[in-house]
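Subject: Structure handover

Hello,

Here is the structure I promised to pass on. Please open it first, then read my notes on the side-chain contacts below.

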Amino acid sequence: MLGIAALSGLLVASPAQAADGVSSARVENPDRAGAGYVRTTVDFVSRTRVVFRNFTVRDICPADNHGVRAQMEWTHTDLTTGYSAWKVDTSCGSHGTNFGNFVRTGPKPIRLVRVRVCIYKRSGQHLACDYSLSRDNQYT
């Protein structure tokens with residue numbers, strides 16, 4: 001009887017593995033030397049709430065006269081997508097700009113998130129962009 005009880009405990013489903021953690025992406029300038037980088041720590045709080053901690057954007061150069069911008073992206077369970085405002089760093093050679101923490105919450109469940117980083121011309125045209133890997137919300 002004790003063996004059956006112990007074995008039945010093994011058959012109970014374990015919770016989904018947490019998808020919280022660091023998300024980052026790097027993009028290279030296709031025209032010349034230079035790159036951009038974004039990094040944040042994703043913390044899913046519930047089905048409808050996610051916190052992006054220490055959202056940092058970095059313009060990696062030599063001075064190429066281009067800026068770097070990044071944004072957060074989330075996909076809801078109904079597959080609609082939302083985006084944050086762009087955050088910009090043009091301080092070539094710095095350690096980047098830490099924009100702090102951002103909270104995304106709304107009525108729709110969030111299925112996954114990722115971050116996007118782009119090198120852009122001063123006119124606003126993107127030269128190159130890249131995305132981080134997606135992080136799945138363990139609550140959905």
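**Aromatic pair**

One aromatic pair turns up in a search of the whole structure. Phenylalanine 55 and phenylalanine 102 make this pair, edge-to-face, at 6.1 Å centre to centre with 90° between the planes. For the terms: rings of Phe, Tyr and Trp (its six-membered ring) pair if their centres lie within 6.5 Å, and planes under 30 degrees apart count as stacked, over 60 as edge-to-face and the rest as tilted. Phenylalanine 55 belongs to strand E3 and phenylalanine 102 to strand E8, so the pair ties together parts 47 residues apart in sequence. Strands (E, at least two residues) are DSSP runs, numbered from the N terminus. Phenylalanine 55 is buried, at 0% relative accessible area. Phenylalanine 102 is partly exposed, at 22%. Here buried means under 20% relative accessible area, exposed over 50%, and partly exposed in between (1.4 Å probe, protein chains only).

**How to read the model**

This is a predicted model: local features need pLDDT of at least 70, side-chain atom pairs count only at pLDDT 80 or more, and totals for chains, interfaces and linings use all residues. Residues are numbered from 1 along each chain as its sequence is written, and side-chain values use heavy atoms, with hydrogens and water left out.

**Salt bridges**

The whole-structure search gives four salt bridges (a side-chain nitrogen of Lys or Arg within 4 Å of a carboxyl oxygen of Asp or Glu).

- Arginine 53 pairs with aspartate 43, with the closest N and O atoms 2.7 Å apart. Arginine 53 is in strand E3 (residues 49-60) and aspartate 43 in strand E2 (residues 35-44), so the bridge ties together parts ten residues apart in sequence. Arginine 53 is partly exposed, at 31%.
- Aspartate 78 pairs with lysine 108, at 3.2 Å between the closest N and O atoms. Aspartate 78 sits in the loop between strands E4 and E5, lysine 108 in the loop between strands E8 and E9, 30 residues apart. Aspartate 78 is partly exposed, at 43%. So is lysine 108, at 34%.
- Arginine 26 meets glutamate 28 at 2.8 Å, N to O. Arginine 26 is partly exposed, at 43%. Glutamate 28 is partly exposed too, at 46%.

**Charge over rings**

Which rings does arginine 69 sit over? The charged end of arginine 69 is over the ring of tryptophan 86, 5.2 Å from its centre. Arginine 69 also lies over the face of tyrosine 120, 4.3 Å from the ring centre. The test is NZ of Lys or CZ of Arg within 6 Å of the ring centre and within 35 degrees of the ring normal.

Best wishes

How values were computed: Helix = DSSP H or I, 4+ residues; strand = E, 2+ residues; numbered from the N terminus.
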